[in-house]
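Student: Could you take me on a close look at the surroundings of the ligand in this model, and then show me how that part sits in the rest of the chain?

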Amino acid sequence: MIELKNVTKSFDGKNKVVDNLNLKIEKGEFVVLIGESGCGKTTTMKMINLLEKPTKGEILIDGESVKSKDVKDLRRNIGYVIQKVGLFPHMTIGENIELVPTLNKWSKEDKKERAIELLELMDLPGEDFYDRYPSELSGGQQQRIGIARALAVNPDIILMDEPFSALDPITREKLQDEMMKLQDELGKTIVFVTHDMDEALKLADKIAVIKDGKVIQFDTPEEILKNPKDEFVEYFLGKDRMWKTPEMLLARDIMKKKFGKIGINGSPARAIEIMKDREINTLIVVDKEGVNRQKPVGVVTRNMIMKNTLHSIKMKDIMESSNDFMVHENTNMVEVLNIMSKINFRSIPIVNDEGFLVGAVTPVSLLNVITEISPTIEGGEL
Ligand SMILES: Nc1ncnc2c1ncn2[C@@H]1O[C@H](COP(=O)(O)OP(=O)(O)OP(=O)(O)O)[C@@H](O)[C@H]1O
């Protein structure tokens with residue numbers, strides 16, 4: 001765990017570039033620091049590996065102050081990737097990757113084995129790239145080498161300062177995807193600086209929005225999107241952000257908690273009554289009466305009931321099973337819409353981990369969300 005406690009940094013003794021900043025980064029977390037140019041992101045990150053010294057406050061790694069550590073050891077054990085790669089042009093790719101293993105006095109064989117392994121991990125044929133020079137590589141390939149080098153001695157922590165910002169959008173996206181895969185596989189603690197919100201939302205477990213050297217909000221991407229803490233965070237997200245990232249909205253965010261439902265043994269007359277009361281044409285059929293811990297079993301529509309009005313008929317006789325379109329509350333909106341487009345019903349049951357009914361997504365609930373997040377339609381006009 002990395003902990004920044006009341007950290008302040010001033011270069012001139014007057015202006016605070018980082019101002020009483022607090023941040024707790026759990027082991028294995030991918031944390032993105034984001035903010036406008038000059039807000040102190042890089043300085044904050046550089047204090048973690050003591051490339052800059054805090055003026056005040058404390059930085060702890062696994063409970064130990066970085067100040068108490070040997071600076072060389074500290075830096076060797078924290079991977080560091082920067083925007084312009086920083087590969088040494090006169091050294092081969094192999095030698096560049098082996099920099100820290102060389103400082104740590106690894107044997108030649110061990111170093112090469114590790115370098116080849118890392119090249120392969122970064123999707124570059126090891127034997128082919130090992131003896132090349134940086135100038136013979138594309139920008140994206142060089143950046144991959146930068147990441148391989150940072151991973152060389154298998155550090156627990158990797159600091160990345162705008163590592164992809166000089167790359168074209170396609171290469172950038174590819175490297176972001178690879179980074180996410182790597183993080184899944186290796187479980188490193190990553191602190192990543194960017195000023196690109198798309199990048200932050202895509203990569204981060206948690207995002208720290210920084211302004212004037214202070215953390216304004218430190219939350220998951222979902223939370224930042226749904227509940228930006230203030231106008232600055234909102235501005236930074238862009239007004240139409242939710243519109244652009246519907247995959248961030250989950251079924252539980254778009255479902256209605258109050259909706260039409262009926263027990264499996266309910267009669268057609270009862271179904272019609274509920275539909276009239278609620279002015280709806282579709283009901284979710286649940287396994288038992290009551291309000292708690294019900295499981296959805298099917299759906300009935302007004303049309304289905306009109307064809308089966310005999311009093312002896314029960315919902316279980318006429319309903320259509322909902323087994324194929326029951327949706328977990330964490331399913332994203334894009335998938336929910338996809339499922340809705342494939343079925344003939346206007347209401348789909350949303351369930352929790354235990355399979356209990358927690359809500360329903362209906363055209364009205366969707367419309368409410370669209371109205372709320374739309375950049376052009378003002379709320380209330382529909
Ligand atoms: N070595 C230094 N000496 C004096 N001032 C510095 C030094 N390093 C950074 N600063 C100043 O500290 C402030 C924060 O810089 P920092 O690089 O941390 O910002 P940033 O948020 O990473 O910006 P960017 O997105 O532009 O990289 C800036 O005003 C910068 O000019």
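Tutor: Happy to! Let me begin with a term: a residue is buried if 20 or more other C-beta atoms lie within 10 Å of its own, exposed if 12 or fewer, and partly exposed in between. By that count, 36% of the 382 residues of the protein chain are buried. Please keep in mind that this is a predicted model.

Now to the ligand. The residues that surround it are F11, V17, G35, S37, G38, C39, G40, K41, T42, T43 and H195. Sorted by class, this shell holds three nonpolar, seven polar and one charged residues. Helix α1, which covers residues 41-48, gives the most to the shell, with three residues.

If you follow the chain past that helix, you come to L50, in the loop between α1 and β4 (56-61). The backbone of L50 deserves a glance, as its phi is near 60 degrees, a positive value in a residue other than glycine. Most residues other than glycine have a negative phi. L50 has 17 C-beta neighbours inside 10 Å, so it counts as partly exposed. E279 also has a positive phi, near 55 degrees, and is not a glycine. You will find E279 in the loop between α14 (268-278) and β12 (282-286). Because E279 has 7 C-beta neighbours inside 10 Å, it counts as exposed.

Next, the interior. Nonpolar side chains tend to be buried together in soluble globular proteins. Here the largest nonpolar core has 60 residues, and V32, L159 and V191 touch the most other members. Leaving out residues up to four places away in sequence, V32 touches F192, T194, A200, L203, A204 and I207. There is also a second, separate core of 28 residues, with F259, V299, M315 and V361 among them.

That brings in an annotation from a record: for "domain: CBS", UniProt lists residues 255-315 and 319-376, in an unreviewed entry. Over residues 255-315 the chain is 28% helix and 23% strand, and the C-alpha atoms at the two ends are 23 Å apart.

Two more residues are worth a stop. D177 belongs to helix α8, residues 169-186. With 12 other C-beta atoms within 10 Å, D177 is exposed. Between D177 and K202 there are 25 residues of separation in sequence, and their C-alpha atoms are 8.9 Å apart in space. W106 lies in the loop between α4 (99-103) and α5 (108-121). W106 counts as partly exposed because it has 17 C-beta neighbours inside 10 Å. Setting aside neighbours within four places in sequence, W106 is in contact with P101 and K111. The C-alpha atoms of W106 and V153 are separated by 9.9 Å, although the two residues are 47 apart along the chain.

Finally, step back to the whole chain. Its secondary structure comes to 18 helices and 17 strands. The radius of gyration is 27 Å, well over the 21 Å that the globule rule gives for 382 residues, so the protein chain is more spread out than a compact globule. Along its principal axes, the C-alpha trace spans about 85 × 55 × 40 Å. Among contacts between residues at least 6 apart in sequence, 63% join residues at least 24 apart.

Methods: Residues are numbered from 1 along each chain as its sequence is written. This is a predicted model: local features need pLDDT of at least 70, side-chain atom pairs count only at pLDDT 80 or more; totals for chains, interfaces and linings use all residues. A residue is near a molecule or strand if its C-beta atom, placed from the backbone, lies within 6 Å of it. Helices (H or I, at least four residues) and strands (E, at least two) are DSSP runs, numbered from the N terminus. Ala, Val, Leu, Ile, Met, Phe, Trp, Tyr, Cys and Pro count as nonpolar, Asp, Glu, Lys and Arg as charged, and the others, Gly among them, as polar. A nonpolar core is a set of buried Ala, Val, Leu, Ile, Met, Phe, Trp, Tyr and Cys residues joined through C-beta atoms within 7 Å. Two residues are in contact if their C-beta atoms, placed from the backbone, lie within 7 Å. The radius of gyration is taken over C-alpha atoms; the globule rule is 2.2 Å times the number of residues to the power 0.38. UniProt positions are given in the numbering used here, feature names are shortened, and annotations may be inferred rather than shown by experiment.
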